[in-house]
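Here is a briefing on one structure.

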Amino acid sequence: MSGWSKARDARGERMSAAASLAKGKIVEAADATALLERLIRPGDRVCLEGDNQKQADFLARALIKVDRQKVHDLHVVQSGLVLPEHLELFESGIARKLDFSYSGPQGAALARALDKGRIELGAIHTYIELFARYYMDLTPNVALIVARQADRDGNLYTGPNTEDTPTIVEATAFKDGIVVAQVNEIVDKLPRVDIQGDQVDFVIQSPTSFYVEPLFTRDPASVTETQILMAMMAIKGIYAEYGVRRLNHGIGFATAAIELLLPTYGESLGLKGRVGTHWALNPHPTLIPAIESGWVEQIHCFGSEVGMDDYMRARPDIYFTGKDGSLRSNRMMCQNAGLYACDMFIGGTLQIDLDGNSSTVTPGRIAGFGGAPNMGADPHGRRHATDAWLKAGREASDGEQTLVRGRKLVVQMVETFGDKMAPAFVDELDSIALARKLDLELAPVMIYGDDVTHIVTEEGIANLLLCRGRAEREQAIRGVAGYTEAGRGRDRKAVEALRQRGVIRRPEDLGVDPLDATRGLLAAHSINDLVDWSGGLYRPPSKFRNW
Amino acid sequence: MSARVPERGSWLEASARARVAGLLDANSFTEFLGPEQREMSPHLSLFDLPRAFDDGVVVGRGKLGGRPVFVAAQDGRFMGGTFGEISGSKIVGLLRAARDGAAGDDAPRTVLLLLDTGGVRLQEANAGELAVSEIIRAIAEARRAGITVIALVGGKAGAFGGGGIITACCSRIVVSRHGRISVSGPEVIETNQGIEEFDSKDRALVWRITGGRTRWLTGGADRYVADEIRAFREAAMALGAEDAAPFDLFRLQAEQSRLEQRLQVDGDSRDATQIWTRRGLDEPERVGDMTEHDFVVLADREAPNHDAR
């Protein structure tokens with residue numbers, strides 16, 4: 001083998017080896033493991049589609065059954081490492097190297113596997129970053145993907161959860177890789193084509209439908225009055241102040257509270273149409289009341305959300321939909337929109353240090369990043385102006401710069417004490433200690449302090465854009481850190497001076513009365529209320545019902 | 001596209017005190033053994049658990065539509081509204097006071113039990129089991145003395161364990177969609193009988209089986225109301241104004257035959273939808289999802305007609 005087409009020749013050999021297992025492109029589920037043994041070679045880079053939400057779970061179960069003599073030492077390159085099977089690949093030696101973005105439920109198992117040396121870790125990426133590397137130095141040799149339906153030519157219909165699939169397939173199929181798809185069913189005619197058939201080599205109908213996790217459903221019944229207070233401060237002190245129209249929300253309860261306050265508290269402040277009109281956001285059920293009240297112009301989605309299909313289908317002015325009427329999501333595109341075309345990211349975190357660095361790593365758990373670092377980063381490549389962006393830039397520059405540059409608003413919302421009364425403000429992030437223990441080159445910091453513009457706690461808002469120097473930032477952070485050690489260690493005079501300058505703003509400075517922060521302000525009090533708001537179009541999964 | 005904000009005054013979300021305040025005539029409530037008396041559980045400290053000044057139960061007297069009533073309300077947010085030594089005794093004492101016609105000429109003839117409980121408090125199980133038994137006996141004695149005892153169930157904890165049995169012993173039962181009434185909790189059934197028997201994570205199933213709508217359609221409640229304090233108040237007023245039915249052998253036999261008949265008709269059902277189908281409902285699979293308004297219309301049409309309880 002020499003010349004300029006070694007990869008294409010190798011592909012041809014693998015395809016011929018597998019040909020006897022397929023009728024056209026269709027392979028029986030019982031032959032899945034045999035197929036993978038013929039297609040995958042030791043050391044291959046494999047993307048076993050594990051997205052934020054949908055999972056190629058059948059192919060994952062097929063892959064862990066391969067003969068380890070034939071298939072071993074794989075390099076797994078996928079955004080989500082969320083199924084137990086994903087880790088089993090490493091425990092059994094089928095896979096050795098890992099480059100990923102998000103591990104969510106497997107965070108603890110992943111940390112244990114790293115500690116035991118089962119995994120050779122490349123890096124924990126952000127989504128766009130990993131996708132970028134699919135086109136640079138981490139191009140998959142084999143992609144094992146998932147879709148709802150296929151036709152006999154291999155065209156795929158992903159349904160609303162398109163997510164990562166086009167990005168994975170593009171990189172694999174156009175670089176002489178092999179694409180295998182598991183689908184819920186094979187049909188004669190697809191509702192729409194999300195992936196072209198000539199980019200797909202094999203299709204397997206899985207015995208059970210693929211798994212999708214409802215990740216973005218927050219039950220309004222669980223929103224606390226502290227979160228409502230923080231949401232009121234954020235709306236009045238940040239949304240209104242900067243006139244933020246284009247934004248992304250994190251998935252926590254504090255931002256869910258904001259979503260539920262827009263049609264009530266936001267309306268009373270006269271903000272409708274002035275804030276929160278364009279979103280890079282998964283289909284959060286808690287945004288339904290704001291949508292139904294006419295706040296939202298459009299939303300592009302990274303993925304979908306279980307139960308939201310019919311609602312989105314009925315709201316094509318709001319959501320991106322295909323000719324079949326159902327949602328089309330796309331994580332790569334939406335992450336880009338969030339990075340370059342949003343003026344604000346606002347979300348929660350678990351720990352913030354005194355430089356404003358934040359992390360969701362806790363002792364023994366590596367949850368990865370997902371998209372937060374992209375959303376929560378000021379993109380230096382941005383070259384279009386909006387009022388919100390310019391105002392933030394002016395605040396950061398102190399008016400001394402002749403060359404005006406904008407800033408993205410990156411807001412961290414956090415209660416001073418979190419779950420089990422763990423302080424949110426710390427001297428050293430747990431992720432730094434973990435990086436030391438596991439000998440990682442980079443500590444997994446979710447959002448770097450120099451990107452953070454505001455911190456919102458129940459004690460107030462710290463505007464870090466207005467801080468001059470590291471010492472001031474530290475006091476601004478301590479000044480909203482409540483009764484944590486970090487908060488009690490504040491220099492009271494310095495904090496009072498920052499408050500005089502408007503760097504720190506308490507609820508009373510914003511004209512927010514904490515006694516007004518009651519659940520009565522929420523536009524919906526329960527999942528059931530959200531169903532009512534949607535006119536019965538939202539169909540929540542069983543686990544969120546209380547009726 | 002109008003800003004519809006749901007009405008305030010949800011029973012589900014309210015505390016025990018807020019329920020009592022909203023249920024009774026304004027400012028008519030006088031509490032017995034209030035939190036200022038600090039009658040707290042003597043057991044919880046042994047487990048290093050926080051105590052409550054009222055042990056999670058509010059008892060007292062007040063007026064409902066001008067008529068005197070006794071009222072007891074559990075707060076499901078404190079220890080799951082469980083029956084312990086103190087919380088149980090408060091309810092027993094209230095029922096006995098009603099039985100004895102305490103409070104003289106203006107003695108209440110109605111007791112309202114606002115149940116919101118997971119059952120017996122495990123940390124003080126013996127005292128809690130005794131309390132449940134004593135409450136059941138006290139209800140029977142009060143009813144025998146011509147007192148109407150009305151159970152109101154619509155809290156987050158529902159009425160489970162002894163709370164489910166106590167509910168069934170009352171003269172009348174008012175329930176909302178969220179109010180679950182049962183004896184063994186879903187997790188307990190799953191643990192003992194397996195997930196095939198009952199999947200406690202399947203919340204739609206849990207509510208289909210134990211929730212207010214099914215309880216009402218199968219005669220396990222006398223009134224179905226929307227999740228509003230006002231609606232509970234109206235139902236309690238209407239039921240409290242009725243003459244107390246005699247609590248005698250005839251009534252117990254009627255209740256026994258009602259239950260036997262229900263078992264005969266529905267005993268082999270695997271899910272509530274089968275029961276709804278047998279009741280001849282047009283769209284049984286939709287019962288759980290119907291809007292409150294639609295269901296209340298249905299509820300009125302299907303109102304139970306029996307002289308049991």
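How many salt bridges does a search of the whole structure find over all chains? The search finds 58, a salt bridge being a side-chain nitrogen of Lys or Arg within 4 Å of a carboxyl oxygen of Asp or Glu. This is a predicted model, in which local features need pLDDT of at least 70, side-chain atom pairs count only at pLDDT 80 or more, and totals for chains, interfaces and linings use all residues. Residues are numbered from 1 along each chain as its sequence is written, chains are lettered from A and ligands numbered from 1 in the order in which they are written, and side-chain values use heavy atoms, with hydrogens and water left out.

**Interface of chains A and B**
- Contact (heavy atoms within 4.5 Å) links 20 residues of chain B with 23 residues of chain A.
- The two chains bury about 1,900 Å² between them, 46% of it on carbon and sulfur atoms; buried area is the accessible area (1.4 Å probe) lost on being put together, summed over both parts.
- The rule finds 1 salt bridge across this interface.
- R519(A) and E13(B) meet through their side chains in a salt bridge (2.2 Å, N to O).
- On chain B, the side touching chain A divides into 8 nonpolar, 3 polar and 9 charged residues. Nonpolar means Ala, Val, Leu, Ile, Met, Phe, Trp, Tyr, Cys and Pro; charged means Asp, Glu, Lys and Arg; the others, Gly among them, are polar.

**Second largest pocket**
- A pocket is an open set of points on a 1 Å grid over the protein atoms alone, with protein on both sides within 12 Å along at least five of seven lines; lining residues have an atom within 4 Å of a point.
- The second largest pocket holds about 1,000 Å³ of space, volume being the space filled by probe spheres set on the points.
- Its lining has 34 residues, with S182(B), I209(B), R215(B), R262(B) and I275(B) nearest the centre.
- α9(B) gives the most to this lining, with 6 residues.
- The lining comprises 13 nonpolar, 10 polar and 11 charged residues.

**Cavity**
- The whole structure has 1 cavity of 30 Å³ or more, a cavity being a set of points where a 1.4 Å probe fits but cannot get out.
- Residues lining the largest cavity include F216(A), R218(A), H284(A) and T286(A).

**A salt bridge within a helix**
- E395(A) and K391(A) form a salt bridge through their side chains (3.6 Å, N to O).
- E395(A) and K391(A) are about one helical turn apart because they are 4 residues apart in helix α14 (residues 387-397) of chain A; helices are DSSP runs (H or I, at least four residues), numbered from the N terminus.

Note on methods:
Helices (H or I, at least four residues) and strands (E, at least two) are DSSP runs, numbered from the N terminus.
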